[in-house]
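Have a look at the model first, then read on.

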Amino acid sequence: MTAATPSTAGVPRIFSVVRALTRAQQEGARVTELAREVGLTQATTHRLLQSLMAEGVVEQDERSKRYRLGIEFFALAAQAGNPGDLRSLCRPVLLRLSASLGDAIFLLARSGYDAVCLDRSEGPFPIRSFTGDVGGRVALGTGQGALAILAFLPDVEREEVIRFNLPRLREFGIYDEVQLRTEIDKVRTAGFAGRTSGLLEGMAGVAVPILDREGRAVAALAVGTILDRLNPERLPTVVELLQREAAAIGPRINPFDATLRRPAQVLAGQ
């Protein structure tokens, strides 16, 4: 094993401080706290922090004297994140699911109070969907994919979306808050949104949320098919395949992906 040289010996220490700052990012941390957590002396920890501040990746609050990761750190993380956007990341998944299930597969992403269809892979059956083609938009809570995203938003965000979207959902058969919350509870309990009858006659669908590293729903994988193909016997198999793919996608999502912040604009640019 090659011994660390003086020029590289400090690298593990620097990264231990960066990781400690990541865990304390909300409140920040003092030198004494960081030194205790990483197992270094205060003098060494302070010297490392000063070096990181000189590079712009750490900043110190003048009043509290607490240290936090700086904006330059997040800019670097954005550039070094997953080079593929969510749509590129999920394209092979859509093709794989469509081939194995023989149904249309949709990728939806949250956009404020709405869900936008980022991509779809056609199946052999003619399908009608709420979002329509790529770029189509629906209110969160409408259809399986948009409902799966809404159900797994953080509590505060979900409440805000419910308040804003309730008047918009009436035209889609959601007539009151109790009905919507009942649907959300069902989805959260089951882990997926599924409906074999409803507004689109003869159509059926099921969707699972795609969760980011922090457990927030940012997107959904959905199957759209004809009613006869989503019977109670087949449903568990479809859900299992969707959940397996969604679980694999989540840890690979780049949190700085512009597609997650502005899906409609990104699609328009393409």
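Searching the whole structure turns up one aromatic pair (Phe, Tyr or six-membered Trp rings with centres within 6.5 Å; stacked under 30 degrees between planes, edge-to-face over 60, tilted for the rest). Keep in mind that this is a predicted model: local features need pLDDT of at least 70 and side-chain atom pairs 80 or more, while totals for chains, interfaces and linings use all residues. Numbering starts from 1 along each chain as its sequence is written, and side-chain values use heavy atoms, with hydrogens and water left out.

**Rings**
- Tyr-113 and Phe-164 are stacked, at 4.0 Å centre to centre with 20° between the planes.
- The two sit 51 residues apart, Tyr-113 in the loop between strand 3 (104–111) and strand 4 (114–121) and Phe-164 in helix 8 (residues 155–169); helices (H or I, at least four residues) and strands (E, at least two) are DSSP runs numbered from the N terminus.
- Tyr-113 counts as partly exposed because its relative accessibility is 27% (buried is under 20%, exposed over 50%, partly exposed in between, with a 1.4 Å probe and protein chains only).
- Phe-164 is partly exposed too, at 37%.
- Arg-188 lies over the face of Phe-152, 5.6 Å from the ring centre (the cut-offs: Lys NZ or Arg CZ within 6 Å of the centre and within 35 degrees of the ring normal).

**Pocket lining**
- Helix 9 gives the largest share of the second largest pocket's lining, four residues (on a 1 Å grid over the protein atoms alone, a pocket is an open set of points where a 1.4 Å probe fits, with protein on both sides within 12 Å along at least five of seven lines; lining residues have an atom within 4 Å of a point).
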